Amino acid sequence: MMTPDHSADPLILSGIHYQTHEPVDVTVASGIITDIHQREQVSEEALAFIGPGLVDIQVNGFAGVDFNDAALTADGVMTITRSLLQLGVTTFYPTIITNANETIRTILKTIDLACETSTLVASCIGGIHLEGPFISPEEGPLGAHPKAHVKPPDWSLLASFIEASGGRVRIITLSPEWPESAKFIRRCVEHGLLVAIGHTAANPTQIQEAVAAGARLSTHLGNAAHQLLPRHPNYIWEQLAQDELAASVIADGFHLPPSVLKVIFRMKAEKAILISDSVSLGGMPPGNYYSPVGGEVVLTDEGKLHMAGKPMMLAGSAQPLLWGINQLVHLQLASLTQAWDMASINPSRLLNLPQQGGLTIGAPADLVIFSFNKIVKVYKKGCDTEIHRENTEIRREK
Ligand SMILES: [Zn+2]
C-alpha cells in the first residue's frame, strides 16, 4: 500500500539512467527529486534502469473497468489507477467518448468523486480527456463512437461537462469541420483546455483555422479516418504538416503500419506522443468478450482486439503504454530512450505538467525502475506503490 507520509525521506534510488545509460543515485525528498549524481561504474546487469513514470493521455478503460460505463464507480477508478501503476503509468487521463449528455455528466461526477475520496487517484489523474461528442458524424472518422450522440460544438453543454467534472476536464478532442469551430476552440483554450483534432473529416482550411485558434494536438493520427481519401490534399497530410500540432499515436502493432509510424515520428519529433487508447479489456487474458465498444469481440493471443468473426475490424486497443514502447523498440522505429520519452516527457510537455522535467532535480519523483525482464518498482511522488506484477517485460534493443 502507498503510505501518505514521507517518513523514509530522503530516499536514495540507484539505477542506470534511462537516457545517459550512466549509473546514478537519485535522491528523493517530499515527493520531489532533490539530487542526481553519478555513482561508480557498474555493469548494466548489476543495476536496473531508472526512468520517469509513464503518462497516458488517452485511457478509455483497463483491467475490466470502462470509463464509458454509466455504472462506473469510484472503486472502479481505483482499480484502473492501481493496474496502470503496476505497468509504470503514474499519470493518466481518463477518456470519455461520445455518449448521451447525461451519461457523460454521470461518469464525470464519478471520476471527480474518485479523486475527492483518494489522494492516490487524485495524484495519478492528470485530468479528464473528453473525446467527443463534437466530432465528425461521417462513417470512418466516426470510428466506434455512437453517431446518435454526435453533435456540433456547444459551449453551454461543454460548460456543464466541466462543472460535473469538478473542473477536471483538461483535453477535448473535436472535429473542426463544424461551423464556428474556430470560435469554439478559442474559447476552450481561454479556459485552459488542450484542444485536439480527431475523429475528423475537416478540410485543410478548417484544420489551418483550428490551429490558428489554438488546437495543439492530433488525436490518434492516422486512425478514425475514411477507408479512402483523395491523394492530396487531405486531413492527414495537413495535420502532419502543421508544426504546431503534436500527434498521438496508437503503437500497438495493429492500428498503424510501421511506415506510417516512422513518418509521423520524423515529422513530429519531440511532439510525437504514445497513447494506449486502451479499452476495458486492457490487461485481460486472451479470449472472447462482450465490450461496450464493438459488442462481441475477440482478444487474440497476439494481443489484437477485433470484432468477433471480423479479424480486420479493430475494436479498440487492449494494450498498455508499455506494450507500445516495446513495439517501437522491436520494430526499430525508436530507441528505448526515445520510445520512453514519447510516453512520458513528450505528453507532459504538451500539457505543461511538472513531470516534463523527467529525470531532473525539481521534478516530481514519479519514477519507474525496470530491468529487461520486468518493471521492478514504481514510485508515485516518491512513494513506493509496491507493485506485484510479472507480466511487464521490456524489450532489449537489437
Ligand atoms: Zn478515438
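Biologist: Ground rules before we start?

Modeller: It's a predicted model, where local features need pLDDT of at least 70, side-chain atom pairs count only at pLDDT 80 or more, and totals for chains, interfaces and linings use all residues. Residues are numbered from 1 along each chain as its sequence is written, and side-chain values use heavy atoms, with hydrogens and water left out.

Biologist: What makes Glu 131, His 199 and His 220 donors of the zinc ion?

Modeller: Donors are N, O and S atoms within 2.8 Å of the metal (3.2 Å for Na, K and Ca). Glu 131 (OE), His 199 (NE2) and His 220 (NE2) sit at 2.0 to 2.1 Å, so they qualify. Water is not among the atoms, so the site may look incomplete. In sequence, the spacing reads E-x67-H-x20-H.

Biologist: Which parts does the pair Glu 131 and His 220 tie together?

Modeller: Glu 131 lies in strand S9 (residues 128-131), while His 220 is in the loop between strand S12 (217-218) and helix H7 (235-241), so parts 89 residues apart in sequence are tied together. Those labels are DSSP runs numbered from the N terminus: helices are H or I with at least four residues, strands E with at least two.

Biologist: Why is Glu 131 called buried?

Modeller: Buried means under 20% relative accessible area, exposed over 50%, partly exposed in between (1.4 Å probe, protein chains only). Glu 131 has 2%, so it counts as buried.

Biologist: Which residues is Ile 207 in contact with, leaving aside neighbours within four places in sequence?

Modeller: Contact means heavy atoms within 4.5 Å. By that test the partners are Ile 197, Ala 202, Tyr 235, Glu 238, Gln 239 and Gln 242. Ile 207 lies in helix H6 (residues 204-213) and is buried, because its relative accessible area is 0%. The C-alpha atoms of Ile 207 and Gln 239 are separated by 7.3 Å.

Biologist: How do you know that strands S16 and S17 pair?

Modeller: Two strands pair if DSSP finds at least two bridges between them. Strand S16 (residues 295-299) and strand S17 (residues 305-307) have three bridges, in the antiparallel sense, so they pass. Val 298 stands opposite His 306 there.

Biologist: What is the strand order in their sheet?

Modeller: The order is S15-S16-S17-S18, an open sheet of four strands with antiparallel pairing. Strand S15 (287-291) and strand S18 (310-314) stand at the edges, each with a single partner strand, so one side of each has no neighbour in the sheet.

Biologist: What makes a set of residues a nonpolar core?

Modeller: Buried Ala, Val, Leu, Ile, Met, Phe, Trp, Tyr and Cys residues, joined through side-chain atoms within 4.5 Å. The largest has 99 residues, and Leu 158 and Trp 340 are among those with the most contacts inside it. A second, separate core of 13 residues includes Leu 194 and Ile 250.
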